[in-house]
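Trainee: Hi, could you walk me through how these two chains meet? I'd like to take the interface bit by bit.

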Amino acid sequence: MATEFVDLLPATSSAPADHALHPAVLRARVLVVGAGGVGSEVAKTLLGCGFRRLTLVDLDTIDRSNLNRQFLFRRADVGERKCQVAAQRLREWMAPATAATSECPLEVDGLHGNVMDSARFDVLFYRQFDVVVNALDNAEARRQVNGMCLAADRPLVETGSTGYLGQVMPVLPFRTECYECTPKPPPRQYAVCTIRSTPDRPVHCVVWARHLFQALFGKVSSDADADGLLSDVDCRPEANELADTYVQRLLHALYVRDVEAQRSMEDLWRGRRAPEPLPLAELLPQAEARLPHVPYRANVQEAWPLVDWLAVFWLATRQLVRRLSGTSTTANTTTGDGDGGIAFDKDDTDALLLVAAAANLRAHCYHIAPLPSAFQVKGIAGNIVHAVAATNAVVAGLAVTEVLKYVVLSSVAGAATMVPNALRSVFVRRVPAGTRDTRRLLQPERLHAPHPHCPACSIGKVAVEALVDAAQVTLGDWVRDCLCGLLGVGRAEELSISVLSSENKEHRPGIAVLYEQNAEVDDGEEEEEEEDLWRRNAAKSLAALRLGHGSRLHVTAVDRAADPPTELMMEVCLLWPTTATVQASPSSSMLWRVAFGHAGTRRPLQMEEGVGGSGGEHGERNEGLTSTAADHVIAVLDDSDEEGDEESAKEPPPKQRRIGQAHAAHGVVDIPD
Amino acid sequence: MPAHCKATRDGALRMRLSVDEAAQRALQERYDRQLRLWGERGQCQLQRARMLVVGASAIGAELLKSVVLSGIGHCTVADAARVRPEDVGSNFLVSEADVGLWRAEVVCEALREMNAAVSVEAVVGEPAQLLERVGAASIATYSLVAVARQPRSLVQQVADVCWEHDVPLVVLQSHGLVGYVTLVVREHIVMDVAGSGSAVPLASLQLARPFTEVVQFCRDHYWPLEQLDDDAHAHVPWLALLVLAVEDEPQPSVETVLRRLERWRRHNSEPNFTEALLMAKRVLRGASDPPMLLTLERCRSRPVEAVARALRTLQAKRGLPVSRAIPEMHCDTASFVGLQEVYRQRAAEDVAALREVLAADAETATGGACVDDPLLQAICDNLYNMACMRTGPYRPESGCGAGKRRADDFEGEDGAASWLVLMHAYDAIREKHRAPLEDATVLEAALQRVLQQFDLAKVHIRPARIQETLRAAAVELHPVAAVVGAIGAQEALKVLTQCFVPIDGTVVYDGYACRATVLSNPPE
Ligand SMILES: [Zn+2]
């Protein structure tokens, strides 16, 4: 059937206010994750299209640098919670206009919270919505929402925007490519020894200084210097130490002792100039004299003299020490202080200036030019994305159009199969691209089939409901009754069960293994020790293993007896319904039941690691510090366009080049016209 | 309050606001994210810009919202309508309580609240008097005029005035799920095609014919290379190596320079030589003339044309102006700071010399072209990043050049021109008939007239698109207004900041396919 036109026009178009809005649109519940530049536009445009039930989630508070594009916020709102102010403004705009249609009253909610918190934002939370829109600025949260939408079986519209470039990508779980089907470009990485010992570019000093901030003022629990980037500088402020004494101790450790230690390694300096320590005895009095005069702010674009940087370092440290001493008692959500540390934030003047000053002083010791200005340091350390209101609005408009298509088509009987064919991924370009004959500023692409080895969507996702108390059932029982009995995993298979928790940043299996069951018994002491642990875990109750409502377990089952050997991977979400009728003497087969989802399919055992194995530990830790701006646009934006190269921007879009193999095997989701 | 720009000692264009330091800081923070895109110069241009927007329905409101948030200097909003119930919930800048009030006034109030730094002014009146109220003559005082969803006769009137006075024009329209944005510029100078933060163009270092001061600096500090110790030898900046390698050659060939560098190099691990060998090819193979110099000489803009002529004179006398920044390179701080200073000084002298040439140019004096210092500095800074673009004038029936189109623009996959002609044909009939069209044959007949007029009678317009155009009845849909208004804002921002090349005609948005296709409108 011809699908050139999806019927999105109101039934009577002459009077739009009274037009018969599609009932599916009025009823649909939409979750918007992120109430920033794109998020506030998405929310506004959804309401403008007739959507009435909207929930916004955001962790942030309003910053002055948001005001150039986040139109729901005013100067007086700086410091307030984004999601709440946004919801309030939207209600004020829409409430009177929608009062008449009382059968579908306006519901706009703002939830202040972190989507990484999967105990609060669990599978059931996502199940309440018909569509989810991501308006986020970091890969980690995008992965989380993508995973939750897959587990909850809810469609997701992913968005990204930087400068004049943007992208919109709808995801229909298991039917089309998800956010993780395409490996993301890894964050730019630097060799540890370059950062640690032999920096020769300004950016190396900034990376070092950013780690230094983490080690000095970051959360105590965080393992900031696991790579040994800072060698043995142990310089957290001590209790009752005077700030000024501390500054001097710190400067001496960083720019005299450490530099001398590096300098003494002669091998490093063959063929290049050895670093020189700062002559602190001479410089410190000068810096002290400058303390009342230096411009203490981050937006100055010019370079400062060395003495001024010393003074800025001094002032920033004073401020941070004062704030740090307050963190053990109170948590301040507006500044990210708490848990005995201060979170680095590019908009936090103290934090930024400390990093800028530390980087500049180091650059001086290592004879590195040009020295970065505070403005530049902010760009590097804060991973700043160029953001313009106009592009956010384009991206949001496109995202809402996809939401609208999805909601309307899904409500039409028999049209559900058309949905994957009607939706589009769209690239927003700065320079029209395409062939000489067809130049496009907005480039749509058909949705691709999921990657057959995607770490997120190629595995089964199933939610099971428990009819038994978590304290009364052991892990061993669960394996027998639920996994083997209900979900059909063979008892003789090799099994591995691990927990996916909100602290587990990687969302990858194998971090916190709970249980393993091997078909063949290996000998050796280590295995025996492990075996013993598995036996003990199997005997523990789920409650004792801290598994409860919303817990997610990653299960791998390998059948080596099959020819060829197969494997089955699934993510199982455990649910305890609030109105559960816990059975008095239940028969074992009735203890669990599938709430929704599917257990996945068996496939030939992969000998090598899956595609998701990229991004080692080092890369993960550096994320948000050295990753490129491209990371923030959701997938692979047209790279050539970003370079501003007008010629190469005319190349055809990166259509299908990413997972050609997948298409060959599964075919593109495509319905002929 | 519009900021005015002023060149500081080192020539950097810095925003100097007529408010106190704290307010300036607040502005910098506010615009931090976009300053990194179009730079301080772009922001400064924007804050000086005056824009006229005719039409304050949803699409105009979306356009206004984006440019006001970005910090344009002034906006005049002209609109002939009062707020109707159907505006509420579609136009974000009006609400229920505003029904019955002049729409332009309500919109201006909302814009003021959004960004108090922008001055906004409403012009209201009956449709027939709207242009009169704005004052056709005053159109020449605007930096850009946008016309959103207005009657065709009004659009044409405004377009003619804009063309006459060289004022860039953006026309926006939406019909159901399709819409378009047309940009008309008789001549537009792009100062920075690559955007702020892009690398220093290598050609602007003038290394094919290095200037006296840089040669002297390199001789004093690094020559003879044999006498440097290994450490110093490995830290001679690549820029200095190239200067030394080409300085006594009148027509340096890449091969000679490469051979020299290879001969000087002590061992393969000297990073500065690796850089120099790489750069030699890139620097010396390119033509030394800025590609835009020729175009600039034929500019309609009197000041730019005068500067271009002066640059020719300067080129013959002492060479083209050099860049005042140098790229990042492998060297120590002292070398970098030294070289940077040499370039900075030379660049300042170049600008001064150029100013002298201009002053001596009698033709300029009589031509009345006033070249102010910021413009002179900006041209010198961006000599290798400038572009000049032109479009044809605005003509609706031709769909901005539809007359010159190939059948493929109508019948191809996108068929963007067919949407454009359909929208124009529909508007044309509706202006005659008033009542909503229901009969496809009327539209088809109008369409055929338009097509015949431009020798395109054989072009096939898909019947489904004709049906959809009738069904949409030119209704303004919110998501389409959001996308089209924002695309209009993007193009307006590209023009006003003079950063990046805007579209060269019409971009047609097709909401069915989520596609936006550009149809160029080349100058005659
Ligand atoms: Zn996937």
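Mentor: L442(A) stands opposite A516(B) in β12(B). This is a predicted model, where local features need pLDDT of at least 70, side-chain atom pairs count only at pLDDT 80 or more, and totals for chains, interfaces and linings use all residues. Side-chain values use heavy atoms, without hydrogens and water, residues are numbered from 1 along each chain as its sequence is written, and chains are lettered from A in the order written.

Trainee: Which strand of chain A pairs with β12 of chain B, and in what sense?

Mentor: Strand β10 (residues 439–446) of chain A, antiparallel to β12 (residues 515–520) of chain B, over three bridges.

Trainee: OK, and how much area do the chains bury between them?

Mentor: About 7,400 Å², with 58% of it on carbon and sulfur atoms; that is accessible area (1.4 Å probe) lost on being put together, summed over both parts. On the chain B side, R33(B), R36(B) and F92(B) lose the most, together 12% of what that side buries.

Trainee: Switching topic, how many salt bridges cross the interface?

Mentor: Seven by the rule, which asks for a side-chain nitrogen of Lys or Arg within 4 Å of a carboxyl oxygen of Asp or Glu. One of them joins E275(B) and R201(A), with the closest N and O atoms 3.0 Å apart.

Trainee: Which helix of chain B gives the most residues to the side touching chain A?

Mentor: Helix α21 (residues 478–497), with 11 residues.

Note on methods
Buried area is the accessible area (1.4 Å probe) that two parts lose on being put together, summed over both. Helices (H or I, at least four residues) and strands (E, at least two) are DSSP runs, numbered from the N terminus. Two strands pair if DSSP finds at least two bridges between them.
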